[in-house]
Amino acid sequence: MLDFTTLPYVDDRFKAVRRETVQVRVGDALIGGNAPILVQSMTTTKPKDVEKTVAETLALAKVGCGLVRITAPTFADAAGLEEVMKRVRAAGCTVPVSADIHFQPKAAFEALKWVEKVRINPGNFVDTGILTLDQQTDKSFEEGKEKVAEAFTPFVQEAKRLGRAIRIGVNHGSLSARMIYRYGDTVEGMVESAIEYLAVCEAEHFDQVVLSLKSSNPRVAISAYRLLAARLKQEHFKPYPFHVGVTEAGAGSDGRLKSAAGIGALLLDGLADTIRVSLTEDPVAEVPVAQELIKACELKADAPKFAVPVLEKDPYHYERRETIPVTLAGVKIGGSEPVRVGMKAEAVSLTGERRNAEFALPGLDAKPVVEFKDPMDIAGFAANPNAVPEGSLFCYTGPEMVMGVRALASALYAANRKDPILLYAKITDSEKDTLRVSADIGSLVTDGLGDAVVIDGYKNPKDSVILAFDILQAAYCRRSKTNFISCPSCGRTLYDIQQVMGKIKARFGHLQDISIGIMGCIVNGPGEMADADFGYVGGGPGRITLFEGKTAVKKNIPEEDAIEELVNLIKERGRWQEP
């Protein structure tokens, strides 16, 4: 069992620095090893459609994408990469290309011939079809490990011979039955999946490897990357660079906030070397968002130092910090209450509407609020906690919100105090500020820190409150509206997901407390939308499968009937409301 107090994932949780890693070369690009954080995206095409694949690759390169990923679902698609690469290079484009492989080891070998990097998924490179979950045993688990080494070793040797890079890309939604049998649907299972394949690379003295542990749940992704960083240290692996992303983030502001909550939190921890913002939009739209997110979460060399004890809280498994509730303006904050959303008292009257403010903040100097403006204030409290009356609502408003609130929580733990914490952010309406505040709050609520949120200064008071609710939902902390989990389109997608996403939002967006997954195919779909109440998944060309939770309940539905069939399914379960 990993002891987070003796082996943390970073050296100092109160002063973030970029994690030192092996440097991986992908064509002319560098990942890790102090190279700038690289932005990636992915085409929506199959390589067999040469014209469109080349056009999308060139378009992504033009807007500053540092690496383009192309899916190769079959051997024929992988072979098609030869012509794609000829045309891309003939056009004068030197941006490296990665092939995305699932289920087809032969396709992975073929892709190595033509592109600079190949991504394989440990959940389906070897294990697919061997045994279902209910047939797993300890013996089959160990036999499966041997099969992984047997199948993956020649691939690593070929990559080494050709000078290619490999991404070992674990998806929460497609863990193998072996890993679920041994570890359950956990971050431990995700980490073990990566390490099992990484051990083969190290046995072959091959270190041109990038690791990823993606999930549609930002909390799961954050915890998994943290745990992987710690495990690599614990087991004396080389420090390989991380490709960081949140899968199925969605579209519009929701997709951006969800990506910021997960990716941004990891950037703030110094754990990201290359990122992709996955939006259900044109791939070109992903690149500027990723670039802005990197700027928003830049680690500053002159960031303040917080001199406090080690934070006595497990960073790898979510548990909300235990607090004793306080009352502010007649509203309880902390304890078993949800993370509350408030607003400045002078801004607007409270109406009690579903997504309106739940409390008024008279001011940061009004009891029971106690404001800490800088690291010295926190150090002073840590030295003399009795100077602040118990039953206060603590709030940090100084620089580096994440580190400051962690330090405040550490001082509270050391003093055995259970006062709740208010997360207060004063921002503008710039995209950089909204991405950063989502990263800050996403990181803190993943740590289980924060009992109330007030965002001040964004557009207008009502929009400030809505933004706070949306960030809490993006961070999987509190749901306040319909939650859509949707993948970006790729060559595996079996329908026009951007068009369908718009229709589903229009038809179901009024529903309260329901989560709907919209997935292009079955590779990660059922797993990545496991948290969803209902799912709409491409089952074949022109055919849709509807899910309830993880269970397929209606199969092979013609696409033109699928949305109304989903309405009927929700009605059958008694969860439909008329607009």
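Predicted model: local features only at pLDDT ≥ 70, side-chain atom pairs only at ≥ 80, totals over all residues.
Local features require pLDDT of at least 70 and side-chain atom pairs pLDDT 80 or more, while totals for chains, interfaces and linings use all residues. Residues are numbered from 1 along each chain as its sequence is written, and side-chain values use heavy atoms, leaving out hydrogens and water.

A nonpolar core is a set of buried Ala, Val, Leu, Ile, Met, Phe, Trp, Tyr and Cys residues joined through side-chain atoms within 4.5 Å; buried means under 20% relative accessible area (1.4 Å probe, protein chains only). The largest such core has 132 residues, of which V118, F152, I441 and I455 touch the most other members. A second, separate core holds 30 residues, including Y495, I516, M519 and F534.

Helices α2 (residues 75-90) and α3 (residues 105-112) pack with their axes 8 Å apart, at an angle of about 5°. They are therefore roughly parallel (an angle under 35 degrees, on a scale from 0 to 180 between N-to-C directions). Helix α2 contributes F75, A78, A79 and L81 to the contact, and α3 contributes K106, A107, E110 and A111 (heavy atoms within 4.5 Å). These residues divide into 6 nonpolar, no polar and 2 charged.

| Residue | Phi | Loop |
|---|---|---|
| E400 | about 60° | between β16 (393-396) and α11 (401-414) |

Y476 is buried, at 18% relative accessible area. The peptide bond from K367 to P368 is cis, with omega near 5°. P368 lies in the loop between β14 (359-361) and β15 (369-372).

Note on methods: Buried < 20%, exposed > 50% of the residue type's maximum accessible area, 1.4 Å probe, protein only. Helix = DSSP H or I, 4+ residues; strand = E, 2+ residues; numbered from the N terminus. Parallel < 35°, antiparallel > 145°, perpendicular 65-115°, else oblique. Nonpolar A, V, L, I, M, F, W, Y, C, P; charged D, E, K, R; others polar.
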